[in-house]
Amino acid sequence: MILVLNKSTKWTSERLAEHVCHLKSGDIPHSALSSASRCVLDAIGAGIAGFQSPAAKVVRQFCKDFFSNGTASVWFSDKQLSTAGAAMANSAAVSALDVDD
């Protein structure tokens with residue numbers, strides 16, 4: 001089977017982005033906001049813990065060498081990279097010690 005895409009085909013990510021952009025604050029249940037807040041705090045804590053790990057350091061150096069400078073922050077540093085580079089560096093710190101749930 002061959003999938004043929006045309007300009008009118010919307011990707012799932014595009015549909016999701018449109019949905020999120022049209023949400024009103026009252027549309028999101030308090031329990032969902034609370035759960036999301038805990039997840040963000042968990043990621044920040046795991047990132048702090050894993051930032052100085054050897055794996056996170058190697059990935060940060062790779063991202064600095066491979067990705068271009070940009071406006072996205074590499075957490076807990078003064079570095080800014082492209083969105084993809086910062087996301088990779090930050091996720092390496094978060095997952096380095098495998099403490100994120």
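**Helix α3 and its surroundings**

In helix α3, the residues Ala56, Arg60 and Cys63 are buried, where buried means under 20% relative accessible area, exposed means over 50% and partly exposed lies in between, computed with a 1.4 Å probe on protein chains only. Seen down the axis of α3, these buried residues fall within an arc of 65 degrees, so they line one face of the helix; the arc is taken from the directions that lead from the helix axis to the C-beta atoms. An α-helix has 3.6 residues a turn, so residues three or four places apart point the same way. On the other side of α3, Pro54, Val58, Asp65 and Phe66 are exposed.

This is a predicted model, in which local features need pLDDT of at least 70 and side-chain atom pairs count only at pLDDT 80 or more, while totals for chains, interfaces and linings use all residues. Residues are numbered from 1 along each chain as its sequence is written, and side-chain values use heavy atoms, with hydrogens and water left out.

Helix α3 covers residues 54-66, and its 13 residues reach 18 Å from the first C-alpha to the last, close to the 18 Å expected at 1.5 Å a residue, the expected span being 1.5 Å times one less than the number of residues. Helices (H or I, at least four residues) and strands (E, at least two) are DSSP runs, numbered from the N terminus.

The buried residues of α3 pack against α2 (30-50), β2 (80-81) and α4 (83-95). With α4, the axes come within 8 Å and cross at roughly 175 degrees; axes are lines fitted to C-alpha atoms, for helices over the stretch in contact, and angles run from 0 to 180 degrees between N-to-C directions. The helices α3 and α4 are therefore roughly antiparallel to each other, a term for angles over 145 degrees. Ala56, Val59, Arg60, Phe62 and Cys63 of α3 make the contact with Gly85, Met88, Ala89, Ala92 and Ala93 of α4, where contact means heavy atoms within 4.5 Å.

Cysteine 63, leaving aside its neighbours within four places in sequence, is in contact with Leu81, Gly85, Met88 and Ala89. Cys63 also belongs to the largest nonpolar core, made up of seven residues in all, the others being Phe67, Ala72, Val74, Leu81, Ala86 and Ala89; such a core is a set of buried Ala, Val, Leu, Ile, Met, Phe, Trp, Tyr and Cys residues joined through side-chain atoms within 4.5 Å.

Phenylalanine 76 is placed in the loop between β1 (69-73) and β2. Phenylalanine 76 is partly exposed, with a relative accessible area of 39%, and has a positive phi of about 60 degrees although it is not a glycine.

How values were computed. Parallel < 35°, antiparallel > 145°, perpendicular 65-115°, else oblique.
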